[in-house]
Amino acid sequence: MSNQNNKWYKKRWVIILIAVIGIVIIFGGDDDSQKIKNIENTNKIESQKNLRENNEESLETIKTIDYELVESEDISFNDPNYGIVKRFNVKVLIKNNPVTKKQIEILSEKIIKDYQQQKADAISIFYYFNRSQVSGAYTLAQAEWAPNGKWEEANLKQNQKTTYKFTEFIDKKRTNEPTELEIEINTAMRDLWYEMMKTQDIVTDEETAKILAPRYGKTVEEMLKIRYKVNDYDLGLTQ
């Protein structure tokens, strides 16, 4: 074979090899592209499935919660740099015993979504297990949805996240609960104490007990015992 023919022979095989490699790359690339699409579709389907399951689970959990939104306060303000900053304080009564963290978290998500429809920038939710507690600090939990999880940064209006604070009553069955009458007596003594403090420098529980004892057919000692029992219970000092 002449040198010219030998060169042509080698050149032809180089061309053939390049062509084969090109075909492999082209069709192999299509296979890889299809595999990627298949993976993306699978992930999308799985994500949608998980979302449906989570929504269904949330709806089922909501059904287990005996709750009432007892107070909603709009405390929005005008920021010179950011305009109107919409903030809401919400107070919720939950009668379940016990109340779980999961119930608090799922109910908070629902309430937050409801207030997001009002263009809220920050939301603070206080949870109680008795209506008589609503005027004070939360007795079950607090959920706060705000920029970076910080209420004081509400004017930033972005990057909101939810943070929680739980009391000792969460995930535990409450025992030794005060009766409705004991709660009523404690509330009456508390209200009278505040009323008397408007005109006096010092007011004791014993003074309010003496005034209210005849109304309830109780001794002063019984009234004081009820007062301390309900107070300790509200503060989580008894179980």
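Biologist: Is Glu182 buried or exposed, and why?

Modeller: Buried means under 20% relative accessible area, exposed over 50%, and partly exposed in between (1.4 Å probe, protein chains only). Glu182 counts as buried because its relative accessibility is 15%. Keep in mind that this is a predicted model, where local features need pLDDT of at least 70, side-chain atom pairs count only at pLDDT 80 or more, and totals for chains, interfaces and linings use all residues. Residues are numbered from 1 along each chain as its sequence is written, and side-chain values use heavy atoms, with hydrogens and water left out.

Biologist: Where does Glu182 sit, and which residues does Glu182 touch?

Modeller: Helices (H or I, at least four residues) and strands (E, at least two) are DSSP runs, numbered from the N terminus. Glu182 belongs to helix H3. Contact means heavy atoms within 4.5 Å. Leaving aside residues up to four places away in sequence, Glu182 touches Ile226, Lys229 and Val230.

Biologist: How do I read the packing of H3 and H4?

Modeller: Two packed helices are described by the angle between their axes and the distance between the axes. Axes are lines fitted to C-alpha atoms, for helices over the stretch in contact, and angles run from 0 to 180 degrees between N-to-C directions. Here the axes of H3 (residues 180-197) and H4 (residues 205-216) come within 9 Å, crossing at roughly 130 degrees. That makes H3 oblique to H4 (under 35 degrees is roughly parallel, over 145 roughly antiparallel, 65 to 115 roughly perpendicular, the rest oblique). Among the contact residues are Leu181 and Trp193 of H3, along with Ile211 and Tyr216 of H4.

Biologist: What about the largest nonpolar core?

Modeller: In soluble globular proteins, nonpolar side chains tend to be buried together. A nonpolar core is a set of buried Ala, Val, Leu, Ile, Met, Phe, Trp, Tyr and Cys residues joined through side-chain atoms within 4.5 Å. The largest one here has 25 residues, and Ile123 is one of those touching the most other members. Helix H2 (101-116) is among the elements that each supply at least two residues, and H2 gives the largest share, six residues. Apart from this core lies another, of 15 residues, including Leu192 and Met223.

Biologist: Where is Trp151 found, and why does Trp151 count as buried?

Modeller: Trp151 is in the loop between S6 and strand S7 (160-166). Its relative accessibility is 16%, so Trp151 counts as buried. Trp151 touches Ile123 and Phe88, among others. Its C-alpha atom is 9.2 Å from that of Asp121, 30 residues apart along the chain.
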